[in-house]
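Me: I have a model open and want to go through its contacts with you. Can we start with the charged pairs?

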Amino acid sequence: MPSAPPGTAEFRMPSLGADMQFGTVVAWCVKPGDHVRQGDIVAEIETEKGVFETEIAIDGVVTQLLVPPMTKAPVGTVLALLSTDGTMPPAAAPAAVPAAPSPAAAEPSKPVVVTAPAPPPSPPVVAPRRVVPRASPAARRLAEHQGIDLASIEGSGPERAITLADVQRAIERVPPATPERPARVSPLARHIAEAEGLDLTTVTGTGSGGMITKTDVERLRTVPPLPSVSSIEDRTAAMRQAVAAAVARSKREIPHYYLGTDIDLQKALAWLSSENARRPVTERILPAVLLLKSVAIALRRFPALNGFWIDGAPRPSSAIHLGVAISLRGGGLIAPAIHSVERLTLTELMRALGDLVRRARSGGLRSSEMIDGTITISNLGDEGVGTLFGVIYPPQVALVGFGKITERPWAVNGLLGIRPVVTATLAADHRATDGHYGAQFLAAVDRLLQEPEAL
């Protein structure tokens with residue numbers, strides 16, 4: 001495939017998982033002429049596992065959107081072009097009009113016929129190019145979410161850039177919806193409602209002019225009507241096909257080895273109970289957070305388990321982004337990542353986990369959360385499972401599983417008692433590590449959970 005010309009970058013259909021082959025551009029969040037920065041949301045892309053807000057990885061100016069909304073395209077397809085030198089491509093010059101021949105060049109042998117001069121041709125009507133004003137990323141996202149046209153806002157920031165406060169003032173000026181002026185629906189809200197069979201005619205929009213947003217649809221879920229059976233079956237079938245493709249590839253290509261160990265959680269749960277007693281109810285920590293943090297810290301000492309197997313070689317990751325397996329309503333599984341878990345406090349990790357689960361089940365995940373996972377954690381303890389041996393999610397090289405915390409007979413210093421115990425397992429790629437390395441990793445997780453105050 002030819003490379004982009006100098007000063008031009010390509011935004012391609014991302015691979016939001018090893019099982020993804022195609023994606024559908026549900027909606028564009030930018031227009032030609034928009035300035036974007038790394039991390040800005042530029043599109044909403046649908047896969048078999050849902051709709052994801054997709055970020056851009058570079059800074060630049062959008063020059064062309066090559067794929068219209070609701071178009072399905074293979075992974076790697078060029079969806080848009082960007083200028084990385086801050087300039088827009090020049091407008092096409094009008095076609096040159098051939099000059100009339102001079103009188104001297106006329107053939108003298110031919111009679112000259114004098115006629116009335118023809119009226120000069122009307123100049124071509126050129127549509128004025130729509131100039132998209134500068135706006136901060138936060139202002140742009142709020143305007144897109146609320147259905148506000150940035151071109152209608154006068155910016156108050158430096159060089160007349162549109163700020164978040166400018167967008168908020170514009171939202172307040174939008175007249176409310178009326179029967180003659182029905183509410184609009186954001187693309188993501190409409191997609192979620194259609195996928196789950198929710199009736200939008202019963203929803204009161206909270207966006208600008210009564211626009212129905214994703215948040216409004218999420219509130220409707222608290223007392224949802226019975227969804228369409230066919231929509232659930234179609235979504236679940238697509239999800240199952242995607243998962244089947246991923247696990248089939250994993251078992252076919254990855255030489256798994258499995259290890260397991262039982263961990264005494266008496267000290268961890270006693271400390272957690274004491275810590276939660278000092279916290280407001282809204283800030284209390286779940287035992288799963290201790291498990292996630294202990295894995296993240298242990299991976300610092302055993303980095304070969306944190307990364308990927310690509311092009312026949314291991315590629316450890318310096319960042320620790322834990323993919324958390326989450327079951328979805330109506331069936332299916334997804335494993336978005338919490339970024340840089342080793343740097344988060346327990347409070348921050350608890351908030352991040354709750355937010356991730358909520359957004360995974362409401363269709364609000366970002367593409368980076370689907371791409372960046374360096375290892376996956378699966379916990380089926382809530383389902384009553386004692387031991388879990390997982391299947392590695394390629395191209396990752398390991399998966400850690402936790403079962404249900406149960407009270408079991410446990411001997412300490414020759415004395416038998418009852419202790420809360422969890423079984424931790426490791427499924428790892430034998431090309432990247434071996435059983436000795438994996439056993440040391442599980443032992444490190446055990447030691448960390450015996451000192452929970454250090455987490």
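Me: What do the side chains of Arg359 and Glu369 meet in?
Reply: Arg359 and Glu369 meet in a salt bridge, 2.6 Å from N to O. A salt bridge here is a side-chain nitrogen of Lys or Arg within 4 Å of a carboxyl oxygen of Asp or Glu. Arg359 lies in helix α8 and Glu369 in helix α9 (residues 367-371), so the pair ties together parts that are 10 residues apart in sequence. Helices (H or I, at least four residues) and strands (E, at least two) are DSSP runs, numbered from the N terminus.

Me: Before going on, what are the ground rules?
Reply: This is a predicted model, in which local features need pLDDT of at least 70 and side-chain atom pairs count only at pLDDT 80 or more, while totals for chains, interfaces and linings use all residues. Residues are numbered from 1 along each chain as its sequence is written, and side-chain values use heavy atoms, with hydrogens and water left out.

Me: Is Arg359 buried or exposed? And what about Glu369, buried or exposed?
Reply: Arg359 counts as buried at 13% relative accessibility, and Glu369 counts as buried at 10%. Buried means under 20% relative accessible area, exposed over 50%, and partly exposed in between (1.4 Å probe, protein chains only).

Me: Which residues are linked with them in a network of salt bridges?
Reply: The network links Asp355, Arg358, Arg359 and Glu369.

Me: How many salt bridges does a search of the whole structure find?
Reply: The search finds 15. One of them joins Arg249 to Glu253, with the closest N and O atoms 3.3 Å apart. These two are four residues apart in helix α5 (residues 229-253), so about one helical turn separates them. Arg249 is partly exposed at 27%, and Glu253 is partly exposed at 42%.

Me: What does Arg12 form a salt bridge with?
Reply: With Glu10, the closest N and O atoms being 2.6 Å apart. Arg12 has a relative accessible area of 30%, partly exposed, and Glu10 is partly exposed too, at 28%.

Me: Changing topic to sheets. What order do the strands of the open four-stranded sheet have?
Reply: The order is β1-β8-β6-β3, with antiparallel pairing; two strands pair if DSSP finds at least two bridges between them. β1 (8-12) and β3 (35-36) stand at the edges with a single partner strand each, so one side of each has no neighbour in the sheet.

Me: How many bridges join β6 to β8?
Reply: Four bridges join β6 (residues 60-65) to β8 (residues 78-83), and the two run antiparallel. Leu65 stands opposite Ala80 in β8.

Me: How many of the 15 residues of α7 are buried?
Reply: 11 of the 15 are buried, so α7 is largely enclosed by the rest of the structure. The buried residues pack against α6 (266-277), β12 (322-324), α8 (346-362), β17 (375-379), β18 (398-402) and α10 (435-449). Contact means heavy atoms within 4.5 Å.

Me: Last topic, rings. How many aromatic pairs does the structure hold?
Reply: Four. Rings of Phe, Tyr and Trp (its six-membered ring) pair if their centres lie within 6.5 Å; planes under 30 degrees apart count as stacked, over 60 as edge-to-face and the rest as tilted. Tyr258 and Phe389 are edge-to-face, 5.8 Å centre to centre with 90° between the planes. Tyr258 lies in strand β9 (residues 256-264) and Phe389 in the loop between β17 and β18, so the pair ties together parts that are 131 residues apart in sequence.

Me: Which residues do ring pairs link into a cluster?
Reply: Phe302, Tyr437 and Phe441.
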